[in-house]
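Hello,

Here is the structure I promised to hand over. Please look it over first, then read my notes below.

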Amino acid sequence: MQSVCSPTMKPAAVRSRGHSGSDTPESLRLAIERAWVVLPASVTGGAAYQGLLQYAPATRGKTPVVLFLHGSSGIAPAIREWQKWLAESLGIASLTADSMQLPGITYKSPIAATTYEQVEALPRLPWADASRFVVAGTSEGAVSVARYEAAPGAPLERGRIIYSWSCEDNYHVQGHRSHLPASVPVLNVMSSTDVFFSSANPWLGNPRAQGHCAAALQDNNRSTIVLIPGAPHTLSNLPQARQATEVFLRTQLQP
């Protein structure tokens, strides 16, 4: 496992949700239809497409894909900005399913650890190269990324990106239950003072917590942890995070 510490910066999914309800066929359908998709010019034949999956244009060819799982803020502007960067700078498509489709969803931290984990299926997409995909997520979404297990016969991911989740027991979960096989490359990017999952949080609930995924990844020599001093919880668009992400994706998604 490689560990990298970046210089100080000033602040600039599968899925989890903060309620105890159960999905319905309708909420799952809407989660996919309202997924935010950004497609690179290589498959649109023109400008990159940014919008809902249900309105995606006809495409040609296939492209590597990042399946992204959002956190409690839903598909926030920072996620859309990150997806746009993937398409325009790296030529990689991305899809973020919209998990906020059940009525009455509320969220407040801390809440009971039993209210987070839900898993959803994604459809086959004509523009997606199923042999070249990475699963990524932030915060609550990254919990599911850390726990992800491919269904029997499903294509295997080329890697995982875990933003702002420490893969540790704490107030947020009954147990972190990370499933990070040594064969799967992992990039974990954290603020060294993450407001939720580092010792900077007074109600963390684990005095031995390190604030990153090192313990869960101790047997994985294909993993990298990037700690960004002083960064906010939402950090995927910081220069250090983007640089580490670009290196990781170019390495793992090469033909």
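**Helix H5 and its cover**

The buried residues of helix H5 are covered by elements that include strand E5 (63–69), helix H3 (77–90), strand E8 (128–138), strand E9 (159–163), strand E10 (186–191) and strand E11 (223–228). Contact here means heavy atoms within 4.5 Å. Helices (H or I, at least four residues) and strands (E, at least two) are DSSP runs, numbered from the N terminus.

This is a predicted model: local features need pLDDT of at least 70, side-chain atom pairs count only at pLDDT 80 or more, and totals for chains, interfaces and linings use all residues. Residues are numbered from 1 along each chain as its sequence is written, and side-chain values use heavy atoms, with hydrogens and water left out.

H5 itself runs over residues 239–252. That is 14 residues, reaching 20 Å from the first C-alpha to the last. This is close to the expected 20 Å at 1.5 Å a residue (the expected span is 1.5 Å times one less than the number of residues). Which residues of H5 are buried? They are Gln240, Ala241, Arg242, Ala244, Thr245, Phe248, Leu249 and Gln252. Buried means under 20% relative accessible area, exposed over 50%, and partly exposed in between (1.4 Å probe, protein chains only).

**The chain overall**

The chain has five helices and 11 strands. It holds 255 residues, and 53% of them count as buried. The chain exposes about 11500 Å². Carbon and sulfur atoms supply 53% of that area. Accessible areas come from the Shrake-Rupley method with a 1.4 Å probe; for residues, only the protein chains shown count as cover.

**Helix H3**

H3 is one of the elements that cover H5, and H5 is in turn among those that cover H3. The rest of the cover on H3 includes strand E3 (36–39), E5, strand E6 (93–96) and E9. H3 has 14 residues and reaches 19 Å from its first C-alpha to its last. The expected value is 20 Å at 1.5 Å a residue, so the two are close by the span rule. Its buried residues are Ile79, Trp82, Gln83, Trp85, Leu86, Ala87 and Leu90. Gly91 follows H3, with a positive phi near 70°.

E9 is mostly covered, with five of its five residues buried. Both faces are covered. Gly159, Ile161 and Tyr163 lie on one side, and Arg160 and Ile162 on the other.

E9 pairs with E8 in the parallel sense, over five bridges. Two strands pair if DSSP finds at least two bridges between them. E9 also pairs with E10 in the parallel sense, over four bridges.

E8, helix H4 (residues 140–147) and E9 make a right-handed β-α-β unit. Right-handed means that, with the strands pointing away from the viewer, the path from the first strand over the helix to the second runs clockwise.

Ser139 is in the loop between E8 and H4. Its phi is near 55°, a positive value in a residue other than glycine. Ser139 is buried, with a relative accessible area of 8%. Ser164 also has a positive phi near 55°. Ser164 sits in the loop between E9 and E10, and its relative accessible area is 0%, so it is buried.

The loop between E9 and E10 also holds Tyr171 and Gly175. Tyr171 counts as buried at 13% relative accessibility. Tyr171 and Gly205 are 34 residues apart in sequence but 5.2 Å apart in space, C-alpha to C-alpha. Gly175 counts as buried at 13%. Gly175 touches Arg147 and Asp169, not counting residues up to four places away in sequence.

**The disulfide**

How many disulfides are there? The count comes to one, taking a disulfide as a pair of cysteine sulfur atoms within 2.5 Å. Cys167 and Cys213 form it, with their sulfur atoms 2.1 Å apart. The torsion about their S-S bond is about 70°, so the disulfide is right-handed. Cys167 lies in the loop between E9 and E10 and Cys213 in the loop between E10 and E11, so the pair ties together parts that are 46 residues apart in sequence. Both Cys167 and Cys213 are buried.

Best wishes
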